[in-house]
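Open the structure in your viewer and keep the selection tool at hand. The stops below say what to select and what is there.

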Amino acid sequence: MEHAASKGQSSGLAVDIERTWLGRLGYLWRLLWRDKSGLLGLSLFLLLVITAAFSPLLAPHDPLDQNLSDSKTPPVWDVEGTWKYPLGTDNLGRDQLSRIIYGSRVSLTVGFFGVLIAAGLGLVIGLISGYTGGRTDAVITGIVNLLLALPYLLFVVVIASIFGRSLLNVILIFGITDAPIFARTTRGEVLRIREAGYVESAISIGARRWRIIFDHILPNLIGPLITVMTFEMSAMIFYEAGLSFLGLSVPPSVPSWGNMLSNGRKYLTVAPWISTYPGLAIMISSLGMNLLGDWLRDVLDPRLRRVKK
Amino acid sequence: MQRYFLSRLVQSVLILLGVLTLVFFMVRVSGDPASLMMPKEASQESIEAFREKMGFNRPLPVQYLDFISHAIWGDFGNSLHFKTPALSLVLQRLPATVQLAGAGLLLAILVAIPLGLIGGSTPGSLWDSAGRLLGLLGQSIPNFWLALVLIFLFAVRLRLLPSFGRDELKSLILPAFVMGLPVMGSLVRLTRSAVLEIRGEDYIRTAHSKGLDPRRVYYRHILLNAAIPLISVIGVQFGYMLGGSIYIETIFSWPGMGQLIEQAIGWRDYTLIQAIAFFTSLVVVSLNLLTDLAYAWVDPRIRLGS
Amino acid sequence: MSRGNIPASNAKTPLLEVRGLSTQFHTISGVIHAVNNVSFILDEGETMALVGESGCGKSVTMLSLIGLVAEPAGRVVGGEALFYNGISVRDLLKLSKAELRRVRGSDIGMIFQDPLTSLNPIMTIGEQISEAIVAHKGVSMSQARAQTLELLDYVGIPDPHRRIQAYPHQFSGGMRQRVMIAIAISCMPKILIADEPTTALDVTVQAQIVDLVAQLRKELHMAVIWITHDLGVVAGLADRVMVMYGGQTAERAYVDPLYNNPQHPYTIGLLGALPSLTGDESQRLVSIVGTPPDLLEPPAHCLFAFRCPYAFERCWQQVPPLITVGVRHKVSCFYDVGKGAPRDGI
């Protein structure tokens with residue numbers, strides 16, 4: 001009977017009570033099923049991805065298509081609504097449903113690539129900091145703590161006002177400003193592993209530095225990193241919407257949930273649907289990612305690694 | 001304990017210096033601060049004149065030292081839009097923002113902490129589910145959207161509450177609620193998980209093994225231990241709220257620092273923006289420092305050392 | 001009570017008689033049979049060592065007796081635990097929560113392995129001791145203080161008047177364990193359960209704690225159940241020993257017969273893994289090969305068979321029953337190591 005621990009790559013996670021890969025997958029599936037919220041989160045996330053990927057197929061109209069004669073049509077369930085524009089139109093007669101569908105592309109792109117860049121940067125910085133130790137570590141940690149001590153939103157807004165107005169810049173801004181969180185998480189894990197002694201013993205048997213990193217450190221990082229990535233992605237969807245609400249993200253012609261909200265603000269009294277449904281979309285995406293992140297965190301909980309007895 | 005205080009103080013000062021540096025470079029990274037601060041239609045000559053006046057032609061180290069040496073005394077120059085000292089404009093707006101953030105935080109604490117406590121003590125119960133739902137919603141609802149929805153419901157449709165301005169106490173209700181909701185969300189979750197974690201600790205098992213009344217175990221052992229991490233959390237959340245007041249103040253036309261910075265961005269008034277950015281950071285850093293000190297005082301492991 | 005001697009008369013009611021105790025944990029992967037049909041008898045003033053490797057169920061057995069098994073996942077599913085407090089005999093497993101609470105701390109005290117995590121970090125040790133007294137004796141905190149000072153002195157904490165206001169982190173490991181002992185004996189319990197109290201301590205300090213417990217049980221006429229994975233620690237202290245494996249009883253005996261004539265291959269292995277002061281250096285340390293058993297839906301055969309050097313076909317077909325091989329000496333095994341052949345008559 002083989003113990004997962006004897007393979008030398010056990011991360012000590014709860015899921016390791018199962019000893020085969022198939023068993024672990026089964027365990028994860030049972031966990032997902034038992035905790036239906038995780039399932040919901042995963043479904044909402046997939047919904048977001050599919051909507052973004054297949055926008056042209058799903059959207060009934062061209063999001064940029066203006067029909068001034070049809071402007072400010074209410075959604076279909078209203079007396080004056082029509083199935084042609086299920087969620088109504090805005091002040092320029094553009095179909096809301098299509099704009100919401102296309103808006104998911106902006107949100108997902110910013111969220112996904114922003115998190116990828118932040119995680120990548122943060123991972124490298126955290127690894128260097130945690131592994132090298134000494135003065136380098138002290139300096140890097142100091143800078144990271146500085147960045148984390150600042151009122152994040154404020155600085156993002158100011159920086160975006162200087163550089164903003166393009167999708168790429170927004171992604172870069174988020175990618176860079178969100179890296180400190182990943183750096184701190186990574187460094188924490190690296191230190192924890194070093195303290196557990198694996199690194200010393202590996203060095204003592206002559207293992208090369210890269211091997212140590214790949215065999216011992218990275219597997220343990222996957223859990224916490226994925227969890228943080230999920231939550232940060234949810235946060236980025238928020239922040240991007242906030243930035244485009246202020247007009248600092250994508251140009252106004254590109255449909256994004258935030259600028260739809262901002263646009264609708266002027267017509268709140270006469271056409272409240274212009275703001276309502278994009279906001280709902282933001283909420284649903286964020287909800288899904290938070291649920292998913294919660295579930296992932298329970299499954300990959302580093303605290304369950306504490307060996308009792 | 002004194003050493004801890006001193007080292008944190010030094011740390012905070014260093015952080016503030018770092019912020020000043022950041023703020024200094026922020027307006028220069030795009031290349032030419034003068035064209036950043038002048039309106040788009042400005043002529044080349046006016047931009048050149050502006051550059052002269054602001055001293056952007058001087059070597060960078062000189063500008064930096066000049067900036068820092070003035071900033072430490074609170075002199076950020078004059079607002080480009082108002083032509084009066086930037087810092088005093090910021091200070092004028094401070095009370096409104098603090099009032100808003102404070103009210104939001106108070107509301108959040110009053111709702112979230114009891115819910116989190118009950119939820120952590122009786123996981124799976126109805127109250128726990130309510131708390132977890134609140135936690136989830138609080139963190140998933142974009143508060144600028146909620147602001148619009150609530151304005152529509154309460155101010156437009158029901159005409160119960162004002163939707164802008166800071167004229168009466170009633171005006172505080174909607175914005176404070178919207179500000180406080182995300183904090184409510186994270187506080188519920190954190191309280192709940194603190195209680196859950198502590199319940200699983202060895203010393204709680206010891207307390208039960210002594211045959212103590214479960215109420216005593218709950219109040220004296222679980223709650224008091226849970227309160228400690230909550231102190232830092234509350235302090236940090238207040239800091240976030242201050243930073244995130246931009247949207248709420250803009251939507252509700254609340255005359256605080258957040259609204260000012262949003263307007264300043266529209267006017268490209270970067271001296272004012274620098275002042276606001278620094279000042280907000282100052283408040284946040286001070287709050288963090290206070291919170292850490294409170295934490296160190298309350299926890300005997302830190303207060304007394306070994 | 002002299003060690004290993006057969007008592008003259010067995011007419012006295014045993015202090016604690018446990019029969020067929022079974023405890024399970026329900027997890028997402030299935031049911032874990034942490035304690036499976038465990039029985040033993042503890043007489044007044046007697047010291048029993050409960051021995052086994054990590055995860056064999058020794059702690060859970062004791063926690064089950066005093067109702068500290070983590071619900072709702074954990075549940076005592078069978079057996080009885082008859083406790084005699086001098087007046088009447090009651091089944092601990094059938095007591096209400098309130099009654100159990102009265103037993104805990106006043107009739108049965110418990111100390112745990114890690115004194116640092118087992119003490120509330122933000123409460124003075126004085127208060128942690130006093131609150132037990134207040135809970136059971138009905139006195140006020142200030143009245144309990146006098147008793148607490150006495151207790152601190154009794155367990156060997158120097159300068160009790162100053163130390164009573166100190167916090168756990170300000171003590172060394174050994175001192176903390178003394179505080180835990182003070183807490184456990186504060187209400188003069190009849191039984192002290194010590195769950196690996198010296199495992200987290202340094203060797204010299206270990207000896208001090210063992211001595212302290214020996215002194216206490218004599219002066220307070222307390223029975224002691226000492227849980228350990230190390231047979232060496234309790235050799236000088238125990239009257240009886242119970243060896244557990246995989247949640248089940250492997251062997252139970254008085255201490256001398258167990259050390260001199262161990263019957264279960266696991267016990268033999270444990271004793272063989274002990275470095276002996278008198279043994280010659282050429283004797284290699286024998287360690288038991290293999291890994292701990294899977295308690296998830298345990299198989300219907302001897303759990304130790306995987307690691308047993310003497311296992312034969314019968315060991316894989318049934319769970320061996322507990323059979324008597326000497327005076328109050330029981331073992332759960334089909335093989336007779338001394339004879340070198342399977343036991344007959346089972």
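Is strand β10 (residues 248-254) of chain C largely enclosed or open to the outside? Six of its seven residues are buried, so β10(C) is largely enclosed by the rest of the structure. A residue is called buried if 20 or more other C-beta atoms lie within 10 Å of its own, exposed if 12 or fewer, and partly exposed in between, with C-beta atoms placed from the backbone. Strands (E, at least two residues) and helices (H or I, at least four) are DSSP runs numbered from the N terminus.

Some notes on the model come before the next stop. This is a predicted model, in which local features need pLDDT of at least 70 and side-chain atom pairs count only at pLDDT 80 or more, while totals for chains, interfaces and linings use all residues. Residues are numbered from 1 along each chain as its sequence is written, and chains are lettered from A and ligands numbered from 1 in the order in which they are written.

**Stop 1**

Opposite C:A253 in β10(C) stands C:V241. Two residues lie between the strands of this hairpin, and C:G246 takes a positive phi near 60° there.

Select C:R252 and its bridge partner in β12(C), C:K330.

**Stop 2**

**Stop 1: a covered helix**

Select helix α1 (residues 58-65) of chain C. Eight of its eight residues are buried, among them C:K58, C:V60 and C:L65. After α1(C) comes C:G67, with a positive phi near 75°.

**Stop 2: chain C as a whole**

Chain C has 10 helices and 14 strands. Its radius of gyration, taken over C-alpha atoms, is 21 Å, close to the 20 Å that the globule rule (2.2 Å times the number of residues to the power 0.38) gives for 346 residues, so chain C is as compact as a globular protein of that length. The C-alpha trace spans about 65 × 50 × 50 Å along the principal axes of chain C. Of the 346 residues in chain C, 45% are buried.

**Stop 3: chain B and the cores**

Switch to chain B, which has 14 helices and zero strands. Its C-alpha trace spans about 85 × 60 × 30 Å along the principal axes, and 42% of its 306 residues are buried.

Which residues have the most contacts inside the largest nonpolar core? They are A:V157, B:A147 and B:I276, in a core of 149 residues. Such a core is a set of buried Ala, Val, Leu, Ile, Met, Phe, Trp, Tyr and Cys residues joined through C-beta atoms within 7 Å. Helix α8 (residues 170-199) of chain B gives the largest share of this core, 15 residues.

Select B:I276. Leaving aside neighbours within four places in sequence, B:I276 is in contact (C-beta atoms, placed from the backbone, within 7 Å) with B:V90, B:M257, B:L260, B:I261 and B:A264. A second, separate core of 95 residues includes C:V18, C:L119, C:I157 and C:A182.

**Stop 4: where chains A and B touch**

Finish with the contact that takes 32 residues from chain A and 33 residues from chain B. On the side of chain A, the elements giving two or more residues include α5 (134-149), α6 (152-163) and α12 (273-299) of chain A. The largest share of that side, 10 residues, comes from α6(A).

Definitions and conventions: Pairing = 2+ DSSP bridges. Contact = placed C-beta atoms within 7 Å.
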